[in-house]
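Subject: Handing over the structure we discussed

Dear colleague,

Please find below the sequence and the structure that I am passing on to you. My notes on what was found follow directly after.

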Amino acid sequence: MEREILGVIGGLGPGATAHFMDLVINMTDVKTDQEHLPMIVYNMPFIPDRTAYILDNNKENPLPKMLEIGQILCAQGVCRIAVPCVTAHYFMDALEADIPVPLVNGVQETVAHLKANGIQKVGIMATDGTVQSGIFHKELEKQGLTPIAPSAEAQKDVMHLIFENVKAGKRAEMDRFFAAAEDLRKQGAQTIILGCTELSLIKRDEKIGPGFIDAMEVLARESLRACGKPVKSEYDCLITR
């Protein structure tokens with residue numbers, strides 16, 4: 001019997017890719033090993049930094065390497081491809097144009113989930129590349145929701161958490177996390193998107209409280225659904241309570 005296989009363009013970064021795999025496995029509503037979703041994960045951490053390229057701090061374009069990996073995965077028979085890096089969604093249109101199997105769009109799916117749950121005003125915690133390029137802003141406005149970005153000082157805290165804490169293998173400084181979240185709440189955010197896979201690792205390891213949605217959890221759930229696998233009912237709503 002032919003099985004549907006999920007391809008993963010990974011290594012952006014490596015810890016986030018491993019966490020994405022854990023999410024896919026733990027969300028699947030099955031009883032045996034054999035029922036789980038097959039995945040082919042291409043873990044390639046030397047793909048150039050996405051944020052640095054988007055902000056024009058690095059001329060090395062990460063797109064060619066991502067395309068190369070996507071095409072290798074297609075040749076191996078995957079039916080869908082996921083990219084567990086939110087900033088890499090900046091390149092989604094170009095990836096979809098040159099990769100011959102569908103990609104799971106974590107940004108679109110995250111916004112759709114918020115809309116389905118009646119959220120109107122949405123805070124964004126993400127890299128400078130994601131915030132300044134408007135990846136979430138554009139999709140939120142397209143679906144009729146209001147995006148809210150952190151203040152300049154709060155954005156510095158978010159970047160510190162991502163690059164100086166999680167990517168450096170250190171524990172998150174939660175005072176910075178909650179300061180950035182409070183900044184967004186004061187601006188009217190009903191729910192805050194954790195729009196970077198390193199922030200997903202903070203949610204995994206720390207108690208962050210209610211009113212957050214993890215874009216990587218959405219990507220994992222929708223990857224399962226796209227490949228025809230059942231999802232545990234506890235993941236019907238991904239907004240923290």
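Leaving aside its neighbours within four places in sequence, which residues is Leu 140 in contact with? They are Val 111, Val 122, Ile 124, Leu 145, Pro 147 and Ile 193, where contact means heavy atoms within 4.5 Å.

Before going further, please note that this is a predicted model, in which local features need pLDDT of at least 70 and side-chain atom pairs count only at pLDDT 80 or more, while totals for chains, interfaces and linings use all residues. Residues are numbered from 1 along each chain as its sequence is written, and side-chain values use heavy atoms, with hydrogens and water left out.

The cores

Leu 140 belongs to the largest nonpolar core, which has 37 residues, and it is listed with Phe 20, Leu 114, Phe 136 and Ile 193 as touching the most other members. A nonpolar core here is a set of buried Ala, Val, Leu, Ile, Met, Phe, Trp, Tyr and Cys residues joined through side-chain atoms within 4.5 Å; buried means under 20% relative accessible area, exposed over 50%, and partly exposed in between, with a 1.4 Å probe and protein chains only. At least two residues of this core come from each of strand E1 (6–10), helix H1 (14–27), H5, strand E4 (121–125), H7 and helix H11 (215–226), and H11 gives the most, with six residues. Helices (H or I, at least four residues) and strands (E, at least two) are DSSP runs, numbered from the N terminus. A second, separate core has 23 residues, including Ile 5, Leu 12, Met 92 and Ile 99.

The strands around E6

In strand E6 (residues 191–194), Thr 191 and Ile 193 point one way and Ile 192 and Leu 194 the other, and all are buried. E6 runs parallel to E4, to which four bridges join it, and Gly 123 has Ile 192 as its bridge partner in E6. Strand E7 (residues 212–214) is also parallel to E6, with three bridges between them, and the partner of Leu 194 in E7 is Asp 214. Two strands are taken to pair if DSSP finds at least two bridges between them.

The pocket and the cavities

The largest pocket has a volume of about 280 Å³, and of its 13 lining residues, His 89, Tyr 90, Met 92, Asp 93 and Ile 135 are the closest to its centre. On a 1 Å grid over the protein atoms alone, a pocket is an open set of points with protein on both sides within 12 Å along at least five of seven lines, a cavity is a set where a 1.4 Å probe fits but cannot get out, and lining residues have an atom within 4 Å of a point. Grid points are joined across faces, edges and corners, and a volume is the space filled by probe spheres set on the points.

The structure also holds two cavities of 30 Å³ or more. The largest cavity has a volume of about 80 Å³, and its lining includes Leu 12, Asp 49, Arg 50 and Glu 198. About 50 Å³ of space lies in the second largest cavity, to whose lining H11 gives the largest share, three residues.

With kind regards
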